Amino acid sequence: MGQILKYILKNGLRDKLYIGLFIVLAISFAVSIFLGSTMMVEQNTSSVAFVLAISRTVVVVGMILFVCINVSRAFDNKEIEFILSKSISREQFILGYLGGFFIANLLILLPIFLVILSIYDINYLGLLFWFVSVLLENFIVISFALLSSLILKNSFSAILASLGFYAISRLMGMFVMGIDFNDNISAMKQGSIGFALKILSIIFPRIDLYSQTSWVVYGDWNKTVLFIILFQSIIYLPLLIFMSFHDFKKKQF
Amino acid sequence: MILKRNNFKDFIVRDFKLFFYIYSHKIFFWFFLVTFVLQIFFWKLTEKYRNSSDLVPPSPSARMLKAMSFGDNEILFRSLVLRFQNSGDIFAGFVSLKNYDYKRIYEWMTALDKLNQDSRLVPSLASYYFSLSQNKNHLNYVLQYLDEHSSRDIDKNWWWLFQATFIAKKDLQDLDKALYFANKLSQNTAKDAPIWTHQMPAFISNSKGDSCLAFKVIKNLIDESQSGKRQISVEEMNFMRHFINDILIKLKKQNFNPANC
């Protein structure tokens with residue numbers, strides 16, 4: 001399993017993931033500082049908000065692309081068959097891949113955390129919560145990207161599915177709010193949209209609560225939200241991993 | 001004739017591919033001409049159509065804000081403030097504030113307040129930028145926003161109430177409105193608020209010519225200081241005594257007994 005982990009990390013180097021993301025992040029830092037400086041007041045606070053939001057999005061999209069392209073290429077090159085021909089179980093294979101992706105993600109996020117910590121005058125505990133929350137958010141998205149790559153095989157479909165999953169999960173706050181709105185929408189059949197939204201809210205995680213910029217800017221985190229994030233991750237991550245186990249176990253090569 | 005027609009029909013049915021092969025360039029040439037004419041008609045019909053050039057677009061609804069935020073209100077707030085701050089930038093210079101739709105400005109400010117009530121960005125824009133409109137009627141929208149924003153927490157927002165008082169007195173020249181804001185301002189119990197926030201109703205009343213009310217406000221402050229309820233520095237006390245003496249002289253000239261205030 002350790003070998004797979006190293007292999008994935010080296011894949012990151014081969015695919016120029018680290019250098020590519022660092023260049024994009026450096027540009028986004030510069031753009032954020034520029035945008036922040038154009039504000040009438042609160043220039044620094046605004047620049048921090050832009051940096052956090054842009055870097056979060058860049059890293060999520062970057063990791064989705066990396067995971068989906070990597071797994072699909074492994075299928076195409078018969079790398080998966082080669083690895084499975086060794087004395088390694090399919091569960092170990094999945095865990096090795098996930099571990100590699102998680103560490104790669106941590107390696108990318110850690111410098112962002114340190115740079116923000118050293119440059120800006122912010123709420124430090126808020127930044128720590130933000131960092132852990134972004135890590136958990138990325139772990140969920142990475143696990144889903146791996147699962148969709150295993151199921152769909154085609155990298156393009158897997159990328160679209162993962163981006164869709166992330167967007168819907170981030171919109172889940174509005175969907176949950178929409179369940180209550182439904183009775184006021186006269187054009188809709190009573191309860192039908194609410195029911196559909198309720199089903200969606202059962203399946204998708206509440207990623208809209210993760211990594212709030214206001215934690216870092218104002219330090220106004222809510223303990224309930226932090227607990228929801230923690231328990232949501234504890235439940236949803238294994239769910240995706242077990243689903244991957246199940247799918248990969250049934251796969252025939 | 002009939003034979004000829006049948007032959008032609010047979011030819012089309014049986015050798016359609018051959019027909020297409022022989023005449024395709026002509027068919028597509030005619031298609032090209034038809035689409036070209038259509039494009040000319042389309043241009044004629046849409047020639048006068050212009051994109052909406054609202055200086056201030058309508059503010060987003062609460063549901064739209066929730067959807068646009070993707071769960072992170074703070075970044076949406078900062079992005080929208082940036083957009084709001086630069087409204088009126090038509091890429092050929094800035095438009096005069098008197099041409100803005102201030103009803104929409106007010107709606108934007110209240111919508112942005114729903115995303116973040118702690119930031120100084122929106123009240124700053126209202127007080128220092130949008131209050132500079134040459135159309136004095138616009139100031140009522142600015143004052144309405146500042147009133148609503150500050151009333152949520154007067155202790156935290158006393159500065160914006162002072163700005164509202166200042167705008168109402170100096171720019172709108174509506175002393176009744178200025179007194180309304182000054183009275184609200186004087187209710188603050190913030191530790192960082194200077195003593196003049198409590199004296200403000202006296203200054204506005206004095207400007208209005210209501211020396212009696214001005215006298216009463218300052219006298220109350222001095223009484224509070226003497227009873228130990230409020231600590232006031234010696235310099236401030238001297239100023240207030242000087243202010244009261246001035247008012248007493250004014251009242252004396254009017255043959256009015258200050259005890260009746």
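Me: In which loop of chain B is the place of B:Val95?
Reply: This is a predicted model, where local features need pLDDT of at least 70 and side-chain atom pairs count only at pLDDT 80 or more, while totals for chains, interfaces and linings use all residues. Residues are numbered from 1 along each chain as its sequence is written, and chains are lettered from A and ligands numbered from 1 in the order in which they are written. Helices (H or I, at least four residues) and strands (E, at least two) are DSSP runs, numbered from the N terminus. In those terms, B:Val95 sits in the loop between α4 and α5 of chain B.

Me: Is B:Val95 buried, exposed or partly exposed?
Reply: A residue is buried if 20 or more other C-beta atoms, placed from the backbone, lie within 10 Å of its own, exposed if 12 or fewer do, and partly exposed in between. B:Val95 has 14 other C-beta atoms within 10 Å, so B:Val95 is partly exposed.

Me: How far apart in space are B:Val95 and B:Leu55?
Reply: In sequence, B:Val95 and B:Leu55 are 40 residues apart. In space, C-alpha to C-alpha, the distance is 8.2 Å.

Me: How many helices does chain B have?
Reply: Chain B has zero strands. Read along the sequence, the pattern of chain B is α-α-α-α-α-α-α-α-α-α-α-α. The number of helices is 12.

Me: What is the radius of gyration of chain B?
Reply: The radius of gyration is taken over C-alpha atoms, and the globule rule is 2.2 Å times the number of residues to the power 0.38. A compact globule of 261 residues would come near 18 Å. The C-alpha trace of chain B spans about 125 × 40 × 30 Å along its principal axes. The radius of gyration of chain B is 35 Å.

Me: What is the radius of gyration of chain A?
Reply: Chain A has 253 residues, for which a compact globule would have a radius of gyration near 18 Å. Its C-alpha atoms fill a box of roughly 60 × 50 × 30 Å along the principal axes.

Me: How far apart are the end C-alpha atoms of helix α5 of chain B?
Reply: The expected span of a helix is 1.5 Å times one less than its number of residues. Helix α5 covers residues 102–115 of chain B, 14 residues, so it should span 20 Å. The model agrees, with end C-alpha atoms apart by 20 Å.

Me: Which helices do the buried residues of α5(B) pack against?
Reply: The buried residues of α5(B) include B:Tyr106, B:Met109 and B:Leu112. Two residues are in contact if their C-beta atoms, placed from the backbone, lie within 7 Å. The partners of these buried residues are α3 (62–69), α4 (73–85), α6 (121–129) and α7 (138–151) of chain B.

Me: How many residues does chain B give to the contact with chain A?
Reply: Chain A gives 23 residues to the contact. On the side of chain A that touches chain B, the elements with two or more residues are α3 (43–76), α8 (172–181) and α10 (213–218) of chain A. From chain B, the number of residues is 19.
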